[in-house]
Amino acid sequence: MASTSAKRSDAAPRRVAVIGGNRIPFARSNSVYAHASNQDMLTAALDGLVDRYDLRGQRVGEFAAGAVLKHSRDFNLARETVLGSTLDPQTPAYDVQQACDTGIQATIQVANKIALGKIDVGIAGGSDTTSDAPIAVGERLRKILLDANRAKDLKGRLAALARIRPGDIVPSIPQNSEPRTGLSMGESQALTTLEWGITREDQDQLAVESHHKLAAAYDRGFLDSMLTPYLGLERDQNLRPGSSVEKLATLKPVFGRGESATMTAGNSTPLTDGASTVLLASEEYAAEKGWEPLAFLTEYETAAVDYVDGSEGLLMAPAYAMPRMLARAGLTLQDFDFYEIHEAFASQVLSTLKAWEDPIFCKERLGLDAPLGSIDRSKLNVTGSSLAAGHPFAATGGRIVATLATLLAEKGKGRGVISICAAGGQGVTAILER
Ligand SMILES: CC(=O)SCCNC(=O)CCNC(=O)[C@H](O)C(C)(C)COP(=O)(O)OP(=O)(O)OC[C@H]1O[C@@H](n2cnc3c(N)ncnc32)[C@H](O)[C@@H]1OP(=O)(O)O
């Protein structure tokens with residue numbers, strides 16, 4: 001199945017179609033999927049996609065996927081997932097990792113190869129679990145165990161093991177924090193929230209809207225074409241259709257300090273388990289298969305900011321990626337029917353929107369003559385986003401690509417933009433069109 005591609009080394013890039021997405025409902029950490037591994041969840045999301053598009057036993061050009069928190073046994077999670085799936089085991093697969101941008105970056109990797117004519121069809125994906133996080137031994141114990149493993153005989157092994165002290169047994173558990181600042185994502189964003197003067201009321205309002213919009217999307221069957229129930233879960237478990245600003249106002253701040261602490265469990269994404277996949281193909285290949293493309297991936301950009309010295313917010317990189325991408329596409333920020341901005345925290349979305357409106361930020365940081373300006377807020381995350389659905393880090397990109405592509409297919413014609421911030425001060429933006 002994999003190759004109908006002609007010799008194309010000197011040909012123009014081909015249009016890349018988003019055929020469809022599939023994911024499992026997202027679960028709150030340490031609940032329904034507590035005993036599922038990344039591989040289990042990614043396989044479920046992949047097999048659901050394979051069934052939906054009749055790909056059982058078929059070889060696709062490649063499967064690119066990843067997870068932010070990985071066990072050492074998953075050194076190539078994507079390949080192990082293919083081997084456990086119903087795809088042809090001859091499907092090549094490799095891991096991608098760019099923190100919360102993993103899913104969108106995997107989509108871009110596959111799209112690039114399709115655009116260049118190297119493959120005709122490919123699948124991108126991502127999975128994450130904070131319930132089944134890898135636990136490592138401490139550095140001293142690790143070195144002792146390696147010494148013991150290297151020892152030539154039993155005497156040498158016992159001598160190495162005899163160096164173990166009770167304090168060495170303390171496990172090393174992955175932290176949701178930046179290695180270079182020691183600050184968690186939430187603590188880092190609290191600094192940005194303060195810098196941009198984002199109020200608690202505005203954050204809570206955005207969070208409530210996210211829940212209401214996702215609930216309405218479920219009710220009208222919008223997610224039916226992109227969801228495979230898993231372990232008894234049929235909807236995103238974090239979704240609270242009855243969310244209200246009054247209830248959210250009662251929650252205690254969890255990030256930031258004193259009066260400036262405005263971020264709560266209600267306006268921050270919860271720790272989440274889940275997986276997603278996206279099927280991409282060349283326009284020609286889609287036509288051959290009789291697949292109607294939902295939309296086309298037409299542009300993207302990745303940016304990184306120097307957050308370590310505190311001169312920029314950890315999650316502000318998409319603010320920088322956007323104008324570079326718009327310039328290349330010859331578009332303005334207002335030229336979109338849909339805006340899909342990953343809701344890492346309500347205040348991340350609001351800080352980014354404010355930055356694009358701010359003449360000083362746009363001139364001094366983005367090097368623009370005029371601000372990018374405001375967006376029509378009624379076009380923002382129209383079927384809800386991560387605050388309601390949850391955010392299994394590497395799975396969010398696939399969820400967003402499938403959501404936006406489906407929105408464009410529903411509308412029939414239009415253009416949408418994606419913006420996803422990530423740990424490490426990085427961010428990806430992308431454009432889908434139909
Ligand atoms: C690039 C990026 O994406 S960066 C983002 C990466 N993601 C993160 O960093 C994850 C951040 N989130 C977290 O660390 C955690 O979810 C926290 C710290 C915010 C909250 O953790 P917890 O306190 O365990 O959350 P928990 O689910 O128990 O919620 C706390 C309370 O708020 C309530 N609550 C949460 N959301 C809502 C809501 N929408 N409506 C009403 N109540 C709510 C809960 O019911 C709970 O109430 P209870 O104490 O009476 O049971």
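Colleague: Which residues is isoleucine 418 in contact with, leaving aside its neighbours within four places in sequence?
Modeller: This is a predicted model. Contact here means heavy atoms within 4.5 Å. With the neighbours within four places in sequence left aside, isoleucine 418 is in contact with Ile104, Glu340, Ile400, Val401, Leu404, Val428, Thr429, Ala430 and Leu432.

Colleague: Which residues touch the most other members of the largest nonpolar core?
Modeller: In soluble globular proteins, nonpolar side chains tend to be buried together. The largest nonpolar core has 44 residues. Those that touch the most other members are Ile104, Leu223, Ile418 and Leu432.

Colleague: How many residues are in the second, separate core?
Modeller: Trp196, Val208, Trp356 and Ile431 are among the members of this second core. The core is separate, and its residue count is 36.

Colleague: Why is the pair of tryptophan 196 and phenylalanine 361 edge-to-face?
Modeller: The ring centres of tryptophan 196 and phenylalanine 361 are 5.5 Å apart. Planes over 60 degrees apart count as edge-to-face. The pair is therefore edge-to-face, as its planes are at 70°.

Colleague: How many residues apart are tryptophan 196 and phenylalanine 361?
Modeller: Tryptophan 196 is in the loop between helix H6 (185–195) and helix H7 (200–219), whereas phenylalanine 361 belongs to helix H12 (residues 359–365). Both tryptophan 196 and phenylalanine 361 are buried. The pair links distant parts of the chain, and the separation is 165 residues.

Colleague: What is the angle between the planes of tyrosine 320 and phenylalanine 361?
Modeller: Tyrosine 320 lies in helix H10 (residues 317–329), 41 residues apart from phenylalanine 361 in helix H12. Both residues, tyrosine 320 and phenylalanine 361, are buried. Their aromatic pair is edge-to-face, with 5.7 Å centre to centre and a plane angle of 75°.

Colleague: Over which ring does the charged end of arginine 15 sit?
Modeller: The charged end of arginine 23 sits over the ring of phenylalanine 26, 4.3 Å from its centre. For arginine 15, the distance from the charged end to the ring centre is 3.7 Å. That ring belongs to phenylalanine 296.

Colleague: Which residues are closest to the centre of the largest pocket?
Modeller: The largest pocket holds about 590 Å³ of space. Elements giving two or more residues to its lining are H6, helix H8 (245–248), strand S8 (253–255) and strand S13 (415–422). Of the 33 lining residues, the closest to the centre are Thr264, Ala265, Ser268, Thr269 and Pro270.

Definitions and conventions
Residues numbered from 1 in each chain as written. Predicted model: local features only at pLDDT ≥ 70, side-chain atom pairs only at ≥ 80, totals over all residues. Heavy atoms only, no water. Phe/Tyr/Trp six-rings, centres within 6.5 Å; stacked < 30°, edge-to-face > 60°. Helix = DSSP H or I, 4+ residues; strand = E, 2+ residues; numbered from the N terminus. Buried < 20%, exposed > 50% of the residue type's maximum accessible area, 1.4 Å probe, protein only. Lys NZ or Arg CZ within 6 Å of the ring centre and 35° of its normal. Core = buried A, V, L, I, M, F, W, Y, C linked by side-chain atoms within 4.5 Å. 1 Å grid on protein atoms, 1.4 Å probe; cavity = no way out; pocket = protein on both sides within 12 Å on 5 of 7 lines; lining within 4 Å. Points joined across faces, edges and corners; volume = space filled by probe spheres on them.
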